[in-house]
Amino acid sequence: MKQLYRFASCLFFLFAFAYSYAQPEMVRPPMPGQSATSGSIMGMIVDENAKPIEYASIYVKKTTDSTIAQTGITNESGRFMIQEIPFGEYFIEIQYIGYRKHYSKPFTISKEQSVFRIPKFTLSNKSTSLQTVEVKAQKDMLQTNLDKTVYNVESSIMADGATAIEVLEEIPSVDVDVEGNVTVRGSENVTIWVDGRPTNLTLDQIPASMIESIEVITNPSARFDPDGMAGILNVVLKKKKESGFNGMVSLGGGMSLYTLEPTPKHYIVRPYINQYNANVSFNYSYDKINFFINYSYRGHKFKNGGKLDRDSWYGNDTTNLNQTNLGQGSGGGHNVFTGLDWFINKKNTLSFSFGFRYGTHKDTSSLTSENADWIEGELFPSSYYAQFGNGKNKNMNFNAAINYKKTFEVKGRELTADVSYNHGFGDNNNWSVQEFDLPLEYDYFQKTVSKSLNRNANAQVDFVTPIGNGGRIETGYKFSYRSIGQDYSLYNAYNTDPWALDSLQLNNFEYTEYLNALYFIYSNTFWKKLQIQVGLRGEMANTFSNLKSADTVYKKNYYNLFPTVHIRYEINDKHSLKLSYSRRVQRPNIWQLNPYRDISDKQNVRCGNPYLNPEMANSLELGYQLTINKSFFSATAFYRHRSHLITRYTTLEQYIPQDTTEDSYIYTLTSYQNLNQSHNIGVELFYSQRIWKFWKINASFNFYRNIIESDNLLDENLARNWEFRFRLNQTFSFGNNWDIQLNFRYSSPSLTTGSMGWGTGGVGQGRRSARYSLDFAVKKGFLKNSLVVSLNIRDLLFMVNQTRIHSYQYNDYNGYDSYSLRDRNGCRISLNVTYKINNYKRRKMEMPSDDGNMEYEGGGEE
């Protein structure tokens with residue numbers, strides 16, 4: 001209670017401090033003028049009777065991609081003034097309840113014309129035939145600045161028919177391996193959010209058709225949760241807010257090529273249908289209500305395989321394990337996302353959203369396992385068995401959120417409150433049989449039944465207010481609750497014997513976390529060039545790991561402070577610098593904490609470690625940005641120090657049976673450990689250039705050094721490595737609505753040491769082979785671009801996509817040396833058809849008449 005009282009007292013003090021220093025009389029109204037890099041616009045809005053219109057919304061948008069640069073609102077005299085608009089070419093969009101949207105003609109803000117005055121603007125609903133100007137509504141695929149990268153999914157042809165995991169493959173700084181593990185600048189410790197909130201969904205469960213953009217935030221401010229060493233990947237779902245009724249319907253399907261290897265010198269390539277998807281989106285907006293709904297279905301099939309060759313020695317015994325596995329499966333998922341925005345009045349908005357997902361999955365697998373003893377340089381088989389299995393899984397997830405937003409008379413003052421809840425549960429059933437040929441034994445049957453229950457709840461209040469001359473304060477409080485549970489049972493039998501519950505393998509585990517957080521941020525601009533933001537976040541976390549099947553509870557409490565600093569200096573309108581620092585944390589998840597041993601493959605056992613400590617990181621970035629005409633270049637040098645590094649770690653163990661009729665055997669145990677510390681230092685380069693009007697390229701290059709310090713890693717090759725990644729994206733926009741996209745990616749050999757993986761998958765310490773791929777897509781629009789057909793080809797160079805991993809561990813008494821090969825579907829081809837309704841057409845703006853009046857024709861796409 002004392003801790004909660006302290007937190008409440010701190011919260012009261014922060015709000016009182018912010019409010020006392022932010023009274024209206026303390027705020028100096030902005031004066032029109034110019035800076036070295038920005039200007040302002042001013043004007044007046046009236047109705048058809050020449051009466052001023054108060055509270056009309058003004059949006060300043062770039063003519064290149066229609067993105068919003070600044071916003072404003074008219075006063076009681078119908079006048080507006082919007083400042084701090086970076087130099088460039090813009091137009092304004094005017095919205096007011098009861099009127100259609102109106103647009104100005106394009107204008108330029110520059111050093112020569114830093115203040116642009118718009119003639120008296122009359123809002124009218126009448127139709128007039130006027131000259132039109134077409135503005136490119138398509139956003140740039142990649143929009144980057146010094147603190148985050150925004151990948152606009154709707155602008156990518158490659159995203160058609162894909163999932164979020166495939167979309168991430170196209171983003172600079174992000175890498176996805178063959179198992180679906182996501183890394184940012186070489187670190188797997190990334191926090192995944194959906195619409196700024198934690199989620200129970202995995203990235204392969206989110207169709208790209210539901211995604212508007214993905215934000216990569218490598219050094220977040222104190223307002224964001226500090227989880228994730230490498231930062232935050234925020235998936236922003238579509239929420240159209242066009243006036244009237246509009247929608248979109250899309251259908252698609254695809255196939256993959258899979259390579260069979262009947263002999264070492266012969267390959268058989270077989271195509272098979274493995275993807276089918278559908279998506280329907282509708283939006284209706286009228287007066288004070290905006291409603292949107294999105295439904296999608298995605299079905300999939302897959303085939304994969306792998307090999308393992310491992311030499312092990314334990315004392316004087318040396319053995320060899322050779323395994324080959326094949327798997328295939330299918331599944332599908334229904335997704336619904338809907339919401340409603342209620343604009344109560346000019347200063348209060350209430351939003352509701354709800355999401356639901358139901359998915360099923362089934363698979364079959366086969367494994368052959370051969371053990372042999374090394375005797376005088378030769379292998380003598382000691383055991384051989386084949387394992388066959390199948391599994392079925394179904395899962396359901398729903399989430400709901402309420403958001404309230406209030407603005408005040410003082411410009412820039414804002415209060416928001418959010419409450420969200422996420423609930424997911426699933427059933428998983430697996431069955432397998434081991435058929436022994438050497439030695440000749442009874443067939444062994446195994447069945448597992450597991451149930452999972454995941455719950456997340458969040459409540460947050462944020463307050464923003466101007467202070468002094470150009471300053472701003474942000475402060476807030478957040479409470480979050482997380483509960484993750486799994487109930488696992490194992491049954492076994494020999495030959496025709498009835499199933500028997502193995503009481504030693506019962507695993508009922510629940511992880512619960514309560515977190516209270518406060519943050520405070522102050523920002524200001526000095527000399528019109530220097531922007532400074534400093535923040536501090538304090539967190540109190542209480543965690544409980546309850547192994548119910550063993551009546552054992554592990555408790556841990558954490559108290560941490562997380563400072564952040566962001567500094568930006570505008571050298572001139574072309575050059576800028578930024579320096580940022582943040583302290584972050586990675587808390588262990590249920591898979592890493594659960595001490596239960598997974599013996600589904602008794603030669604390769606996995607378990608968690610309930611004694612893990614959180615991993616802490618200090619991240620520092622220095623960035624430079626250059627913008628010249630149609631060229632953009634950014635360079636970011638980064639350094640990240642991690643302490644109590646959480647990583648998978650593999651050791652060699654020996655099974656000694658209590659029953660004398662069983663044989664002892666050697667196996668590997670992959671668990672999680674806290675290593676001492678690590679250093680990650682490197683540079684990231686990004687270059688964008690429109691070479692010709694129809695041809696644009698985006699290129700990114702990451703180069704960094706990984707250094708891990710630990711007493712457990714005696715081999716330098718497992719703890720030190722130079723790594724680099726390169727991406728080249730080319731977009732060609734031809735006439736008659738033809739678009740082509742070509743992507744190339746390369747990732748150098750990398751360390752698996754220091755990575756955490758997803759779920760129970762992944763290997764321990766080791767090195768992973770290089771990976772590269774080439775993707776191609778073409779899109780054609782019909783019926784004034786209302787009907788769009790796209791063809792995507794992924795992994796164009798490969799009939800099969802493979803990853804090779806070398807893992808080993810040596811000491812004086814035992815050790816192992818293993819090589820593994822993992823492959824998945826190779827070349828993937830998909831065809832998608834999309835039809836857009838009403839406002840999904842390309843926007844047209846009409847030139848004004850002499851009196852400044854503007855009309856809106858046709859639909860628009862934000």
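Leu783 is found in the loop that runs between strands β42 (771–782) and β43 (787–794). This residue has a positive phi of about 55 degrees although it is not a glycine, and it is exposed, with a relative accessible area of 60%. The structure is a predicted model, and its secondary structure consists of three helices and 48 strands.

**Overall build**

- The protein comprises 862 residues, of which 51% count as buried.
- Among contacts with a separation of 6 or more, 68% are made by residues 24 or more positions apart.
- The accessible surface of the protein comes to about 39,800 Å², and carbon and sulfur atoms contribute 56% of that area.

**Confidence of the prediction**

- The average pLDDT of the protein is 81, and 83% of the residues score at least 70.
- Over residues 126–137 the pLDDT is below 50, yet in the model this stretch has 37 contacts beyond near neighbours in sequence.
- Residues 756–761 likewise form a stretch in which pLDDT stays under 50; for these residues the model has 20 contacts beyond four places in sequence.

**Loops with positive phi**

- Asp795 is a residue other than glycine with a positive phi, near 55 degrees.
- The position of Asp795 is in the loop between β43 and β44 (800–810).
- Asp795 counts as buried because its relative accessibility of 1% falls under the 20% cut-off.
- Leu783, by contrast, counts as exposed because its relative accessible area of 60% is over the 50% cut-off.

**Aromatic pairs and cluster**

- The model contains 34 aromatic pairs.
- One of these joins Tyr90 and Phe107, whose ring centres are 6.5 Å apart. Their planes meet at 40 degrees, so the pair is tilted.
- The pair links distant parts of the chain, since Tyr90 belongs to strand β5 (residues 88–95) and Phe107 to strand β7 (residues 107–109), 17 residues apart.
- Both partners are buried: Tyr90 has a relative accessible area of 3%, and Phe107 has one of 4%.
- A single aromatic cluster is formed by Phe701, Phe703, Trp722, Phe724, Tyr746 and Tyr772.

**Charges over rings**

- The charged end of Lys780 sits over the ring of Phe782, at 4.8 Å from the ring centre.
- A further case involves Arg413, whose charged end sits over the ring of Phe408, 6.0 Å from its centre.

**Cysteines**

- The structure holds zero disulfides.
- Cys607 counts as buried, with 11% relative accessibility.
- Cys827 also counts as buried, at 5% relative accessibility.

- Ser383 is placed in strand β24, which covers residues 378–407.
- With a relative accessible area of 15%, Ser383 is buried, because the cut-off for a buried residue is under 20%.
- Leaving aside residues up to four places away in sequence, Ser383 touches Ser369, Glu370 and Asn371, together with Leu438 and Pro439.

Terms used
Residues are numbered from 1 along each chain as its sequence is written. This is a predicted model: local features need pLDDT of at least 70, side-chain atom pairs count only at pLDDT 80 or more; totals for chains, interfaces and linings use all residues. Side-chain values use heavy atoms; hydrogens and water are left out. Helices (H or I, at least four residues) and strands (E, at least two) are DSSP runs, numbered from the N terminus. Buried means under 20% relative accessible area, exposed over 50%, partly exposed in between (1.4 Å probe, protein chains only). Contact means heavy atoms within 4.5 Å. Accessible areas come from the Shrake-Rupley method with a 1.4 Å probe; for residues, only the protein chains shown count as cover. A disulfide is a pair of cysteine sulfur atoms within 2.5 Å. pLDDT is the predictor's confidence in each residue, from 0 to 100. Rings of Phe, Tyr and Trp (its six-membered ring) pair if their centres lie within 6.5 Å; planes under 30 degrees apart count as stacked, over 60 as edge-to-face and the rest as tilted. A charge sits over a ring if NZ of Lys or CZ of Arg is within 6 Å of the ring centre and within 35 degrees of the ring normal.
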